[in-house]
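Please have the sequence and the structure at hand while reading.

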There are 2 protein chains.
Amino acid sequence: MPKRGKKKEENGSGDEAGPAPAKAPKASPAPLYEDPPTREATPDGRRWTLKVTSWNVDGLRAWLKKGGAKWVQEEAPDVLCLQETKCAASAVPAELRELPGLPHQFWSSAKDRPGYSGVGLLAKTEPLDVTYGIGDPEHDVDGRVLTAEFPSLFVVCAYVPNAGRGLVRLEPRLRFDAAFLRFLQRLDARKPVLLCGDLNVAHAEIDLCHPRANRASAGFTPQEREGFSKLLDSGFVDSFRHLYPEARGAFTFWTYLGGARALNVGWRLDYAVVSRRLLGALCDCKIRSAVQGSDHCPITALLAV
Amino acid sequence: MPKRGKKKEENGSGDEAGPAPAKAPKASPAPLYEDPPTREATPDGRRWTLKVTSWNVDGLRAWLKKGGAKWVQEEAPDVLCLQETKCAASAVPAELRELPGLPHQFWSSAKDRPGYSGVGLLAKTEPLDVTYGIGDPEHDVDGRVLTAEFPSLFVVCAYVPNAGRGLVRLEPRLRFDAAFLRFLQRLDARKPVLLCGDLNVAHAEIDLCHPRANRASAGFTPQEREGFSKLLDSGFVDSFRHLYPEARGAFTFWTYLGGARALNVGWRLDYAVVSRRLLGALCDCKIRSAVQGSDHCPITALLAV
DNA sequence: CCTTTCACG
DNA sequence: CGTGCAAGG
């Protein structure tokens, strides 16, 4: 991710050469994203029956204090996937444990590293089964993946490792990508998969504000982008981009540094990825850009399953 | 210092056996201290000419945000002694560097330990000389003592090392006490001394709320109290106790834990100590108990020098 | 309880 | 910039 030490040089002679609008005193470098009206049904007219929300909360306890759970209650998803909880299961506040509508809760957190990584999966109905991790000890110690099996599909909640400043952790990240793809393929062989989470990659230039400046930044290296491409080549679909192939400025993450969010200097790092055979069930994928509480915003997938 | 893990068991069957008042729903375990009217002159009628304020700020930058400097400006001392600045000289905010009335500023902070210890001495008039430390490398690395020489006296700003939880650092503390006393005696041989600061000891039972419970607590061990007694036996006077030998509940520190300050469960750890021959010049020693901004309150000494 | 630094993002 | 942590008090 970009450091962006400079204060507000977002429109300078930087990487985006397009002409600045003449009027605005502080032109936005990327247009603000307008979430279109919700598509309540599939193209063939079946209304959605499954609502899954995913949110990188950047610290569950701080997010709770900022009212994150209140928004979730209004959104009322059937499944909620949380990433970067930074919170052991035993430390999840009662306010969340008692959240109406999501009584079945599963938590995974980093072993021996309190306050690092961690994911949660909360469900309205009890899953048939829940598994922790991807079956690879190198990555499973971090608490990054939860998988809930439901009658018609798997819901996978994932927090993909960041490659780090200066790409110091790019190698382990790429090992994760490979192992995770194999994990998803094994699932997909059994039942369709809905993968939700912070995949820590902006796939294409359209998926971040400053693609050229970030060619060597964690989350936009060729290797990480290629990892995502391989996922798509393996029978999975990026639901948002499938529905909105041209949508620009549709980001889910903005660094806290430099007031990036107000300028929509962001990245699309959070995805709802579906098995290709689930596409007929896909109604919509919403990006809740205006929702505060973290440096990521939530996304919500709607399926008729 | 006491841990006080329990919530509000301040009146239980603890160390203070006196009968609890029957009426108050939550009786204060120690009477609140009422600072008496200021004695503006010496007993023989000379008005004060030197005002010295001392304050353990528990983090200079947080203290500034809480308005500490505004209160200092109203108090308008000639010399300001600050302890636990937790701030390198280069990191002192401009707000303080430009504080009207105290243009001559001297800072000392811990070597190789950013955010630990540190003292500051600020003066209205330029000192003849300023020295750093007490001439003992073991202690001088911590940034605990600043000495400013003025025409008629030395002003010493000191932050005496805490003996630590479980008294794990009692031995170095006692070495400091011994070395510091020798340092003060050398000064006193040249000019009278006004020593201000957090001496990290409550001298007598009257100087803390729960003396019996704290016989083995840092700041009230027999060895630390004896160190202070030795100071008094060496020609120095605790100005506050000299003026107010019977004053109870006169504390300058309250742990943040358990709401101790509202209950006046405190300690007198901050002192203005004077060379005995300065007693004739002593007008008053004020304890500004109501002033917020730190877990210590400021004290102010008034002298006619 | 509260401040500082730190690692991480 | 902001989280959760550790050390210190």
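## Pairing around strand β4(B)

B:Ser108 stands opposite B:Val119 in β4(B). Strand β3 (residues 104-108) of chain B runs antiparallel to β4(B), and five bridges join them; two strands count as paired if DSSP finds at least two bridges between them. Five bridges also join β2(B) to β4(B), again antiparallel, and here B:Val79 stands opposite B:Ala123. Strands (E, at least two residues) and helices (H or I, at least four) are DSSP runs, numbered from the N terminus.

This is a predicted model, in which local features need pLDDT of at least 70 and side-chain atom pairs pLDDT 80 or more, while totals for chains, interfaces and linings use all residues. Residues are numbered from 1 along each chain as its sequence is written, chains are lettered from A and ligands numbered from 1 in the order written, and side-chain values use heavy atoms, without hydrogens and water.

## Burial of β4(B)

Five of the five residues of β4 (residues 119-123) of chain B are buried, so the strand is largely enclosed by the rest of the structure. Buried means under 20% relative accessible area, exposed over 50%, and partly exposed in between (1.4 Å probe, protein chains only). B:Val119, B:Leu121 and B:Ala123 lie on one side, B:Gly120 and B:Leu122 on the other.

## Helix α2(B)

In helix α2 (residues 68-75) of chain B, the buried residues are B:Gly68, B:Ala69, B:Trp71, B:Val72 and B:Glu75. They fall within an arc of 155 degrees seen down the axis, so they line one face of the helix; the arc is that of the directions from the helix axis to the C-beta atoms. B:Lys70 and B:Glu74, on the other side, are exposed.
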